[in-house]
Amino acid sequence: MYADRVLSGMRPTGSLHLGHYHGVLKNWIKLQHDYECLFFVADWHALTTHYDNPLGIEDATSQMVIDWLAAGVDPAKATLFIQSQVIEHAELHLLLSMMTPLGWLERVPTYKDQQEKLTEKDLSTYGFLGYPLLQSADILIYRANQVPVGEDQVPHIEFAREIARRFNHLYGKEPGYEEKAEAAVKKLGGKKAKLYQELRTRYQQAGDEAALESAKALLGETQNLSLGDKERLYGYLEGGGKMILTEPEALLTAASKMPGLDGQKMSKSYGNTIALREDPEVVIKKIRTMPTDPARVRRTDPGDPARCPVWQLHEVYSGADTRDWVRQGCVSAGIGCLDCKQPVIDAMLRELAPIQERARALTEDPDTVRNIIADGCEKARDLARETMRDVREAMGLSYG
Ligand code: TRP
Ligand code: SF4
């Protein structure tokens, strides 16, 4: 078995905000102590939606890496690299594309969702349809078994699992495996054997999950097979050959929904963010002007924290004492909203100060950042090359 290896990627969006910090980076920073970690900038993935305006990706990449490092991602513990600088990802993506049923890609929920959401862009491209397959290549090329991602990415990890399974099935068979499985099918008897074959074909050629389930049920009811043959036929449906690629799992973190300035989830598209490198004066201004309970028009009106986005920030930043003070002061109109916001401002500035200090130092020292990335790319390339050797060999392309 392989040891746990964690891999995750982020599209280069430039400077990061507190939503990234609380939602993703803090988790990465924790994981880097316990696992072998690889974190990368998914710059090719950015091109799937920004192919019309690629300039800026390079700068966004370095700004993002500066923020990773400033937040505490440690290059001595984790390998940091850029997807496009490890071109083996592209080779694996290409080879996997040969065996990926179109239906599997079309059924990934983000495909239609994003096309419908980003109407101003033409996303009926080959590259965009292949987004989850490129992501699969990212993961499988490192044989990563744990992939920390948000809820929205779970279907992509599921997809990568299916691709790994299909690959292992197609190219990882031991000699004689096929014949033994075929002999076991015959033992099922005429009608059942025919049904089994039909269902297996439907699953393998069209990715029909229902057919897979029916075939498993059919085997479950079968009485006249030895245990060995039964296992063989379960395996024959899905794979059962040698494991060349590792099936990854999503490593879900307790969804930390960092609230933005308006109470919605913090996100660039809502314009409700505080950047990690936000000027402290701007932080103060943004919090001071953020909306509160709309019912609290005058200082003398009592409020309700449950209807106030500031309260959500207290839930992130304040201890029990401060929260009690807020709750009581708010419902009794004992404190003003600016009083209430001050502890949040203080805590946020305290959190940002060391991050901003490190970011400043890194910005003044671009060589260090460049070297960190170059080192990381080299390490990643070595790992990727190892997998590609096995992949090429399994597919009959080693020319050695
Ligand atoms: N699709 C991911 C996102 O939008 C980014 C990504 C690309 C990724 N390749 C990956 C994440 C591999 C985890 C593993 O957030
Ligand atoms: Fe919101 Fe605090 Fe004002 Fe109450 S006192 S409305 S919790 S900002």
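Colleague: How many nonpolar residues are in the lining of the largest cavity?

Modeller: This is a predicted model, and its largest cavity is lined by T292, D293, R296, P305, C308, V310, W311, V326, C330, C337 and C340. By class, 1 of these lining residues is polar and 2 are charged. The rest of the lining is nonpolar, and the number is 8.

Colleague: Which elements give two or more residues to the lining of the largest cavity?

Modeller: The lining includes W311 and C337. Elements with two or more residues in this lining are helix 15 (309-317), helix 16 and helix 17.

Colleague: What is the volume of the largest cavity?

Modeller: The structure holds 2 cavities of 30 Å³ or more. For the largest cavity, the space amounts to about 100 Å³.

Colleague: Which ligand takes up the space of the largest cavity?

Modeller: The residues around ligand 2 are T292, D293, R296, C308, V310, V326, C330, C337 and C340. Each of these names is also in the lining of the largest cavity. The ligand that takes this space is ligand 2.

Colleague: Which helices give two or more residues to the shell around ligand 2?

Modeller: The shell around ligand 2 has 6 nonpolar, 1 polar and 2 charged residues. V326 and C337 are among its residues. The elements with two or more residues there are helix 16 (320-331) and helix 17 (337-363).

Colleague: Which helix gives the largest share of the lining of the second largest cavity?

Modeller: The second largest cavity, with a volume of about 60 Å³, is lined by W104, E162, R166, H169, Y203, Q204, L237 and E238. The largest share is 3 residues, and its source is helix 9.

Colleague: How many charged residues line the second largest cavity?

Modeller: E162, R166 and E238 are in this lining. By class, 3 of the lining residues are nonpolar and 2 are polar. The number of charged residues is 3.

Colleague: Which helix supplies the largest share of the lining of the second largest pocket?

Modeller: This pocket holds about 360 Å³ of space. It has 16 lining residues, and those closest to its centre are E58, T61, S62, I82 and I373. Helix 3 (57-71), helix 17 and helix 18 (366-394) each give at least two residues to the lining. The largest share, 6 residues, comes from helix 3.

Colleague: Which element gives the most residues to the shell around ligand 1?

Modeller: Ligand 1 is surrounded by 14 residues, the closest being R11, Y131, Q135, D138 and Q153. By class, 7 residues of the shell are nonpolar, 5 polar and 2 charged. The element that gives the most, with 4 residues, is helix 8.

Colleague: How much of the accessible area of ligand 1 does the protein cover?

Modeller: Polar side-chain atoms approach nitrogen atoms of ligand 1: one of D138 at 2.7 Å, one of Q135 at 3.0 Å, and one of Q153 at 3.0 Å. On its own, ligand 1 has 370 Å² of accessible area.

Methods. Residues numbered from 1 in each chain as written. Chains lettered and ligands numbered in written order. Predicted model: local features only at pLDDT ≥ 70, side-chain atom pairs only at ≥ 80, totals over all residues. Heavy atoms only, no water. Near = heavy atom within 4 Å. Polar contact = N/O pair within 3.5 Å; in protein donor to acceptor, adjacent residues only side chain to side chain. Areas by Shrake-Rupley, 256 points an atom, 1.4 Å probe, with all protein chains shown as cover. Nonpolar A, V, L, I, M, F, W, Y, C, P; charged D, E, K, R; others polar. 1 Å grid on protein atoms, 1.4 Å probe; cavity = no way out; pocket = protein on both sides within 12 Å on 5 of 7 lines; lining within 4 Å. Sits in = over half its atoms within 2 Å of the grid points. Points joined across faces, edges and corners; volume = space filled by probe spheres on them.
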